Amino acid sequence: MSENPTAGLDDTVHQRHRLGVLTIAAEAKRVEFSYLKSALELTAGNLSRHITVLEQAGLVEVEKGYEGKRPKTWLHITDAGRTALAAEMAALRALLDRHDSR
Amino acid sequence: MTEDPKGLLTELTAMRKRARADRHGYWLPFLLFGLITLGATPFYGPRLCVDSGQDPELVEPRVCSWTSADLPWLYHWLHPTGQMEGPVFGLHQPSIAPDLYWIVALLCGYLAVVWWYRWRAAQVGVETPTRLYAQVTIFMLVLPLIGVPVLSELIFGRLGWQIALPITVVLIVAATWRVRSVRFTLAVLALFALAHFATIYPYGPLFVLAAGLIGLAYLERSAVCTITVVIFTATVLFVNEAGRFGFYWPYPVENFASTALPAFVLLVGGIIGSVRREMAR
């Protein structure tokens with residue numbers, strides 16, 4: 001019997017907003033905090049907490065700087081983050097395939 | 001955001017598409033390089049002369065004659081095996097002026113594109129990676145300027161191309177094989193071939209531009225961008241190679257068609273990209 005696809009789901013990545021952060025970050029060289037806030041429709045505090053979890057897991061790196069006088073926080077996905085995202089997407093697709101085949 | 005896997009995958013796909021669309025900025029490089037290509041037109045016009053002792057007002061000027069010895073050393077350095085001639089190149093006469101124009105214009109264009117993507121990232125909040133574009137463009141600017149002349153002097157000029165070509169290919173394969181993948185080795189070989197074309201064809205610098213734009217299309221992952229670059233590359237091949245098939249531009253357009261056609265492709269691609277961007281807002 002094949003392994004259940006849910007075994008491939010990683011709790012850190014699987015949380016849907018964190019999955020959203022990784023998906024957007026994987027599409028670009030780097031992405032700005034306010035872009036993520038708007039795309040994911042999250043509050044600043046909530047997004048910060050998700051980013052901290054991803055940063056502590058080594059899936060993203062955060063870079064703080066200034067654009068003129070305005071502080072900006074940029075985030076970019078690490079190689080580990082790309083691998084984790086690919087594994088999560090594969091697990092989700094497998095789960096869906098299993099569900100559809102029943 | 002939804003919890004079920006199907007809905008989640010759909011939402012993530014939509015999010016990825018939106019981020020990709022937001023970071024697209026290819027339209028400005030297309031417009032810029034379209035204008036740069038158009039700006040090269042005067043450098044390919046014929047130089048007309050009147051024989052000494054004749055009154056310019058009474059005789060019809062004709063194309064100036066030239067010999068290889070009249071050309072400066074820099075021309076021979078940049079074109080170690082000379083340049084192609086033929087009907088498709090109109091009344092082209094070898095000169096260092098188009099080379100200097102293209103070197104300066106492509107370098108400025110490259111810097112402008114890198115700056116543009118950084119500036120856009122600051123405005124939009126999502127940045128397109130430009131490292132591949134930068135690497136390909138710098139490689140393609142340096143290779144015809146230094147790599148091809150040095151290779152020609154050290155290997156091709158001494159051994160003959162029948163021996164030098166396999167040696168060069170083996171050296172490139174040996175140097176790149178273990179570094180990356182087979183795809184990387186093939187890409188480097190292709191860039192070397194394009195750099196050689198850049199030195200032998202009068203409109204060769206367009207190959208440098210095409211290589212950079214292929215790198216850009218790979219990064220942008222946009223249908224309009226990819227289609228424009230494919231058509232542009234085909235046009236570049238056409239304006240440089242059509243002479244082999246006895247193609248002549250019609251007389252009224254022969255002095256500008258070879259630069260206007262590829263420029264037109266880039267300008268149209270840039271305008272379409274810009275309009276799509278405005279419509280998406």
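How many residues of chain B are in contact with chain A, and how many of chain A with chain B? In this predicted model, 18 residues of chain B are in contact with 19 residues of chain A. I shall begin with that contact, continue into the sheet, and then turn to the helices of chain B.

On the side of chain B that touches chain A, two elements give two or more residues each: α1, residues 5-23, and β3, residues 126-127. Of these, α1(B) gives the most, with 11 residues. By class, this side of chain B has 10 nonpolar, two polar and six charged residues.

From β3(A) we continue to strand β2 of chain A, residues 60-67. Eight bridges join β2(A) to β3(A), again in the antiparallel sense. β2(A) and β3(A) form a hairpin with two residues between them, and in the turn A:Gly68 has a positive phi of about 70°.

Taken together, what is the order of the four strands in the open sheet? The order is β2(A)-β3(A)-β1(A)-β3(B), with antiparallel pairing. β2 of chain A and β3 of chain B stand at the edges with a single partner strand each, so one side of each is left without a neighbour in the sheet.

Two helices of chain A accompany these strands. Helix α3 of chain A, residues 33-40, packs on the sheet and touches β1 and β3 of chain A together with β3 of chain B. The direction of α3(A) makes about 75° with that of β1(A). Helix α4 of chain A, residues 44-56, lies across β2 and β3 of chain A and runs at about 125° to β2(A).

As for annotation, an unreviewed UniProt entry places the feature "domain: Winged helix DNA-binding" at residues 18-95 of chain A. In the model, that span is 60% helix and 24% strand, and its end C-alpha atoms lie 19 Å apart.

I now turn to chain B. An unreviewed UniProt entry places the feature "transmembrane region" at residues 25-45, 100-119, 131-152, 158-177, 184-203 and 256-275 of chain B. Two of these spans may be set side by side. Residues 25-45 of chain B are 62% helix, with end C-alpha atoms 33 Å apart. Residues 131-152 of chain B are 100% helix, with end C-alpha atoms 29 Å apart.

How do the helices of chain B pack? We may follow them in sequence order. The axes of helix α4, residues 97-124, and α5(B) come within 11 Å and cross at roughly 170°. α4(B) and α5(B) are therefore roughly antiparallel to each other. B:Leu106, B:Leu107, B:Tyr110, B:Val113 and B:Val114 in α4(B) meet B:Tyr133, B:Ala134, B:Thr137 and B:Leu141 in α5(B). This contact has eight nonpolar, one polar and no charged residues.

Helix α5 of chain B, residues 131-159, also packs against helix α7 of chain B, residues 182-200, at an angle of about 65°, with the axes 9 Å apart. That angle makes α5(B) roughly perpendicular to α7(B). The crossing is right-handed. Among the residues making the contact are B:Phe139, B:Met140 and B:Leu143 of α5(B), and B:Leu191, B:Phe192 and B:Leu194 of α7(B). By class, this contact has 10 nonpolar, three polar and no charged residues.

Finally, α7(B) packs with helix α8 of chain B, residues 205-220, at about 150°, with the axes 7 Å apart. That makes α7(B) roughly antiparallel to α8(B), and the crossing is left-handed. B:Leu191, B:Leu194, B:Phe197 and B:Ala198 of α7(B) meet B:Pro205, B:Phe207, B:Val208 and B:Ala211 of α8(B). The contact of α7(B) with α8(B) has eight nonpolar, no polar and no charged residues.

Note on methods
Residues numbered from 1 in each chain as written. Chains lettered and ligands numbered in written order. Predicted model: local features only at pLDDT ≥ 70, side-chain atom pairs only at ≥ 80, totals over all residues. Axes fitted to C-alpha atoms, helices over the stretch in contact; angles between N-to-C directions. Parallel < 35°, antiparallel > 145°, perpendicular 65-115°, else oblique. Left-handed = near helix turned anticlockwise from the far one by under 90°. Contact = placed C-beta atoms within 7 Å. Nonpolar A, V, L, I, M, F, W, Y, C, P; charged D, E, K, R; others polar. UniProt positions renumbered as here; feature names shortened; annotations may be inferred. Pairing = 2+ DSSP bridges.
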